[in-house]
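My notes follow, in the order in which I checked things.

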Amino acid sequence: MKIKNICCIGAGYVGGPTMAVIALKSPEINITVVDNNKEKIKQWNGSLESLPVYEPGLSEIIKKVRSKNLFFSNDIKGAIEKSEMIFMAVNTPTKKDGEGAGMAADLRYVENCAKDIAKYSKSDKIVIEKSTLPVRTAEKIREILEENSEKINFEILSNPEFLAEGTAIQDLFKSDRVLIGGDKTKSGQKAVKALVDIYANWIPREKILTTNVWSSELAKLASNAMLAQRISSINSLSALCEKTGANIDELSNAIGMDHRIGPHFLKASVGFGGSCFKKDILNLVYLCQFYGLNEVAEYWHQVVKINNYQKNRFTETIIQHFKGNLEDKKILILGWAFKANTNDSRESASIFVTQKLFEAGARIEIYDPKVERNNIIKDINLEWGYAFNQVSKRVSIKDKNLSSDKYDAYVILTEYEEFKNLQIDSKLVFDGRNIFDKPLYSIGKS
Ligand code: NAD
Ligand code: UGA
């Protein structure tokens with residue numbers, strides 16, 4: 001089956017970059033990325049300098065394919081109608097209320113996509129789970145799709161995304177693997193082949209892995225859990241390093257040189273952030289509990305608990321340095337994003353640490369080279385729970401790196417290259433990302 005038209009529902013950090021790369025590599029396919037957020041679509045269609053997602057290399061690709069075979073639109077109905085293949089790349093945050101609140105994934109956005117697909121489809125569709133979902137979600141999606149009254153065949157595939165923000169384009173160009181889960185039926189395998197053929201335009205076939213739907217759904221959650229588990233493991237050891245005089249970088253290096261362990265994701269830090277690790281692990285914990293696997297649930301839960309412990313531990317070190325009183329202390333926060341080279345601040349450790357320093361009385365100045373001022377204000381409103389004008393006497397956002405000014409402390413919370421060359425009195429630095437040579441405090445170094 002040759003796919004000519006693709007629709008992707010969700011124009012976010014996954015939908016935008018993945019569809020841009022598919023469009024670049026498959027010029028014969030027309031792709032429409034739709035979203036119910038009108039402002040976001042306007043931004044995707046607007047200036048290349050202010051796309052809603054910042055990723056190195058993304059704007060260059062958008063420049064090449066936009067309005068040729070990649071389109072951004074609010075017309076969800078039209079895009080569904082004309083496409084043979086539909087990706088669902090909508091958000092799947094942790095549930096805020098109802099059963100499983102605080103743990104389970106909120107599937108309402110995915111369910112709404114499925115409802116739209118059921119409502120607007122007039123011909124057979126391959127429906128692809130691109131969002132990260134609990135294992136067996138495809139069952140629920142099938143139920144919704146079957147509400148469609150016409151005689152339409154829907155094939156559901158799972159094709160989770162493994163890109164990391166900040167390196168999304170290079171990850172998509174050279175994926176370690178592409179995972180596609182589908183039914184073993186004849187039509188299921190035909191759908192799998194149609195998707196394999198698209199990726200095969202640039203991914204070597206041996207890296208395109210096909211499995212059953214449940215393995216694919218679960219492999220995504222498990223991959224994120226394993227990555228985050230390594231960070232929590234090294235972060236837990238950073239606390240022991242500080243007590244014993246061992247050095248966390250030396251430890252990490254020594255451990256990672258064992259080829260069976262490997263060096264990646266062993267960098268001690270103030271804690272992992274990002275929209276996915278925490279929510280995906282909590283989702284995994286919830287699933288384990290649901291199936292009565294309480295020991296397994298507790299094992300994975302500990303990964304999130306250590307992450308919270310690490311964020312607290314780092315913050316307390318700063319507060320204790322000033323003997324609990326930060327009044328009149330002027331602190332420069334270097335980094336608001338959850339990692340370098342993204343404008344995304346979701347679940348960033350910086351949001352947490354900065355709030356605690358503010359609440360301890362400090363005067364805060366925030367600088368981030370990528371996160372827009374309005375987003376920082378939004379985070380303060382929503383995550384801190386203060387209206388910005390309530391805090392603006394003691395919190396300001398800088399457009400320029402002011403690290404040459406005098407501060408009582410500099411707190412590095414994102415691993416931007418430009419922070420590595422700071423010309424400041426290094427004694428004043430609290431380094432949450434272990435990037436500076438001799439700061440006052442750097443995780444795991446006594
Ligand atoms: P996002 O919040 O950046 O984007 C989701 C978009 O979906 C939003 O723009 C929202 O307006 C839109 N949307 C929601 N419901 C809709 C509906 N019914 N109709 C039309 N549009 C709708 O989210 P994201 O970071 O792109 O993540 C999407 C999924 O991919 C999540 O499940 C996430 O876990 C997973 N994932 C994310 C990353 C990442 O790096 N961000 C990587 C791999 C997987
Ligand atoms: C992560 C995974 O790496 C992706 O494979 C996955 O697709 C994605 O989640 C997702 O499902 O959303 P991402 O969160 O974008 O990607 O970025 P990472 O590079 O994994 O970093 C996550 C956090 O861990 C950052 O705060 C980073 O600073 C921190 N980190 C990372 C460490 O503290 N130490 C490390 O050694 C590595």
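I count a polar contact as a pair of N or O atoms within 3.5 Å; within protein, one must be able to donate a hydrogen and the other to accept it, and residues adjacent in sequence count only if both atoms are side-chain atoms. The model is predicted, so I ask pLDDT of at least 70 for local features and 80 or more for side-chain atom pairs, while totals for chains, interfaces and linings use all residues. Residues are numbered from 1 along each chain as its sequence is written, chains are lettered from A and ligands numbered from 1 in the order in which they are written, and side-chain values use heavy atoms, with hydrogens and water left out.

**Entry 1: ligand 1.** A side-chain N or O atom of Glu165 is 2.7 Å from a nitrogen atom of ligand 1. The side chain of Thr92 places an N or O atom 2.6 Å from an oxygen atom of ligand 1. For Asn36, a backbone N or O atom lies 3.3 Å from a nitrogen atom of the ligand. On its own, ligand 1 has 830 Å² of accessible area (Shrake-Rupley, 1.4 Å probe). The protein covers 92% of that.

I then listed the shell, taking residues with a heavy atom within 4 Å. It holds 25 residues, and the closest are Asp35, Lys40, Thr92, Glu165 and Lys279.

**Entry 2: ligand 2.** Phe162 has a backbone N or O atom at 2.7 Å. A polar backbone atom of Glu165 is at 2.8 Å. Phe338 has a backbone N or O atom at 2.8 Å. Ligand 2 exposes 700 Å² when taken alone, and the protein buries 89% of it.

Helices (H or I, at least four residues) and strands (E, at least two) are DSSP runs, numbered from the N terminus.

Entry 3: I traced an open sheet of 6 strands, order 11-10-9-12-13-14, with parallel pairing. Two strands pair if DSSP finds at least two bridges between them. Strand 11 (395-398) and strand 14 (441-442) are the edges, each pairing on one side only. Strand 10 (residues 363-367) pairs with strand 11 over 4 bridges. Ile364 has Val395 of strand 11 as its bridge partner.
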